[in-house]
Amino acid sequence: MIRHVVFFTARDAKDRDTIYDGLAILEQNPHARFLEVGRNLATDPIPGAVPDFVVYGEFEDEAALSAFKAHPIYQKSIDIVRPLRDLRMSADFLSRKDS
């Protein structure tokens, strides 16, 4: 299984609700085993860059992740979020629990 984690920050705080709604439509994409969008609670006491949002997904394999990214819902989310976001940091990794 592939775990997919993406962090986002808003360029302007006034756009946070729009960004959240644009990311939340990803939960309708049928290619994820599990997908969740959340607002960062920002509870970490260590200073540093703090993302506004986290997208967390689980995918059966690379083909499922590719299908997720090729789906029209993914592009719709990009069209809404990309003009309003600043940081986007992504990581994909194989879950050791499934090996």
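Contact here means heavy atoms within 4.5 Å, and axes are lines fitted to C-alpha atoms, for helices over the stretch in contact, with angles running from 0 to 180 degrees between N-to-C directions. Helices (H or I, at least four residues) and strands (E, at least two) are DSSP runs, numbered from the N terminus. All views come from a predicted model, in which local features need pLDDT of at least 70 and side-chain atom pairs count only at pLDDT 80 or more, while totals for chains, interfaces and linings use all residues. Residues are numbered from 1 along each chain as its sequence is written, and side-chain values use heavy atoms, leaving out hydrogens and water.

**View 1. Helices on the sheet.** Let's start with how H1 sits: it lies across S1, S2, S3 and S4, and runs at about 175 degrees to S2. H2 also packs on the sheet, where it touches S1, S2, S3 and S4. The direction of H2 makes about 35 degrees with that of S1.

**View 2. The open sheet, strand by strand.** Four strands form an open sheet in the order S2-S3-S1-S4, with antiparallel pairing. S2 and S4 (85–94) are the edge strands, each pairing on one side only. On average, and ignoring direction, neighbouring strands of this sheet are turned by 10 degrees against each other. Two strands count as paired if DSSP finds at least two bridges between them. Follow the bridges across: S2 and S3 share 6, S1 and S3 share 7, and S1 and S4 share 8. Some partners to look for are Arg39 with Phe53 in S3, Ile2 with Phe59 in S3, and Ala10 with Arg85 in S4.

**View 3. The largest nonpolar core.** A nonpolar core is a set of buried Ala, Val, Leu, Ile, Met, Phe, Trp, Tyr and Cys residues joined through side-chain atoms within 4.5 Å. Buried means under 20% relative accessible area, exposed over 50%, and partly exposed in between (1.4 Å probe, protein chains only). Of the 19 residues in this core, Leu23, Leu35, Val55, Phe59 and Phe68 touch the most other members. At least two residues each come from S1 (2–10), H1 (16–24), S2 (34–39), S3 (53–59), H2 (62–70) and H3 (72–81). S1 gives the most, with 4 residues. S3 is mostly covered, as 5 of its 7 residues are buried. Leaving aside residues up to four places away in sequence, Val55 has contacts that include Val5, Phe8, Leu23 and Leu35.

**View 4. Aromatic neighbours.** Rings of Phe, Tyr and Trp (its six-membered ring) pair if their centres lie within 6.5 Å; planes under 30 degrees apart count as stacked, over 60 as edge-to-face and the rest as tilted. The whole structure holds 4 aromatic pairs. Phe59 and Phe68 have ring centres 5.0 Å apart and planes at 65 degrees, so they are an edge-to-face pair. Phe59 counts as buried at 0% relative accessibility, and Phe68 does too at 1%. Together with Tyr74, Phe59 and Phe68 form one aromatic cluster.

**View 5. A charge over a ring.** A charge sits over a ring if NZ of Lys or CZ of Arg is within 6 Å of the ring centre and within 35 degrees of the ring normal. Here Arg39 lies over the face of Tyr20, at 4.4 Å from the ring centre.

**View 6. Gln75 in H3.** Gln75 is found in helix H3 and is partly exposed, with a relative accessible area of 40%. Gln75 and Met89 are 14 residues apart in sequence and, C-alpha to C-alpha, 17 Å apart in space.
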